[in-house]
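Please read it beside the structure.

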Amino acid sequence: MQSEIKLSRVVQTRKFERESTMTPVDRRTIHILHVVSGMVRGGAETWLMHVLRHIDRDRLRMDFLVHTTDPFAYDEEIRALGSQIIPCPLHRWNLWSYATNFKQILHEYGPYDVVHSHLHHFSGYILRLARQAGVPCRIAHSHNDTSAQKAKTGLYRSLYYNITKRWISQNATMGLGCSYQATTDLFGSAWKTDPRWQVFYCGIDPTPFQQSVDAAVVRAEFKIPEDAFVIGHVGKFDQQKNHQFLVDIAVECVQREPKMRLLLVGDGLLRPEIEAKVQKVGLVDHVIFAGVRPDVPQLMGSVMDVFLLPSLHEGLPLVLLEAQAAGLPCLFSDVITEEVKVVKPLMRQLSLSKSASIWAEAILAMQQVKSENNQAKAIMQIQQSPFNIQAGCKELEKLYLEKSTYAIQNKP
């Protein structure tokens, strides 16, 4: 008993000594402003929600500046968790008006210790404004690899890339990339020589994938026969996700497996175009447009048999991590970084130069892979990887506290 009292006194003494040496900056709440287009159910936005749910909200307060006045999927939950959604519309690239509004927001809602921008090249302009407003810690975050697209771009777009990358270099105090490719894309091939830039893996919460779901009930919702072979895809309907090729693959699949269904989860500007193509090729009874859904883990675990992602480019798609957590075999394009391969027996890459028929044969050949792999083991591998949100949040908290404290104490 006396030893326990003595130990308690030692702990308390050390705690007092530690706290007495902490500056006011060390102890106070760090205020962070994330800049995004809108809090939709996208990869980066879903990761930010994981962070908001798991981070120490007493120590780190996160707000979200968005480029729209429209409500989006996560707005309500963000407010319920004590954070703010702050509209700062960007109208027809009117940068002067945007700059005025942005600085006014920093003044009214701040002061902010950190501005963390998730807008790829446009982050250069965001961080330039943040520096002018006196924000000490300014982070550019690369969630994509657009190098192939930049190689084909015109003169004006190239000029935009050059200017914004220069602004990032001049104004960012830290830069994060979700993969080696994404980091290289935004910070240059020599990024390792600059201590400001680093790879930071975004993560997922594997917990929802451990919940049991009645597959028959969920399939019945979509009128999918219990013996149907379901190919799943989750992603925004835009050019990057390559939905045109997805439909081409489905055409080839249904010729080989008449009970095939293609389940498309998501929405976007190109959805009407893809719906028209599905009707044109006669696949209306085989393609399901599920729209934006909050129950992706349940759909992956109970409806999908395999996961297909023939994207034209990606940073590091969290949806592939989710598919692995669900125990799904995944077929994806070879432009996607191999860093995403956590449960390797489930993963196969294929070149986009291959025909739709070759992709169809590959996806149908993966039917047996799901039964050969244990989902519990897959979840364990995700939990033990750098992509576990718990570990990622601790690392992000450490970065925010260390970098913002350093920036505040060394602010000119």
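In which sense do strand β1 and strand β2 pair, and over how many bridges?

1. Strand β1 (residues 30-36) and strand β2 (residues 60-66) pair in the parallel sense over seven bridges; two strands count as paired if DSSP finds at least two bridges between them. His 31 stands opposite Arg 61 in β2. Strands (E, at least two residues) and helices (H or I, at least four) are DSSP runs numbered from the N terminus.

2. This is a predicted model, in which local features need pLDDT of at least 70, side-chain atom pairs count only at pLDDT 80 or more, and totals for chains, interfaces and linings use all residues. Residues are numbered from 1 along each chain as its sequence is written, and side-chain values use heavy atoms, without hydrogens and water.

3. The protein chain has a mean pLDDT (the predictor's confidence in each residue, from 0 to 100) of 90, and 91% of its residues reach 70 or more. Residues 1-26 have pLDDT below 50, and this stretch makes 10 contacts beyond near neighbours in sequence; contact means heavy atoms within 4.5 Å.

4. An open sheet of seven strands has the order β3-β2-β1-β4-β5-β6-β7, with parallel pairing. Because β3 (85-87) and β7 (197-199) each have a single partner strand, one side of each is left without a neighbour in the sheet.

5. Helix α3 (residues 43-54) lies across β1, β2 and β5 (137-142), at about 155 degrees to β2. Axes are lines fitted to C-alpha atoms, for helices over the stretch in contact, and angles run from 0 to 180 degrees between N-to-C directions.

6. Six strands form another open sheet, ordered β10-β9-β8-β11-β12-β13, with parallel pairing. Its edge strands are β10 (287-291) and β13 (347-350).
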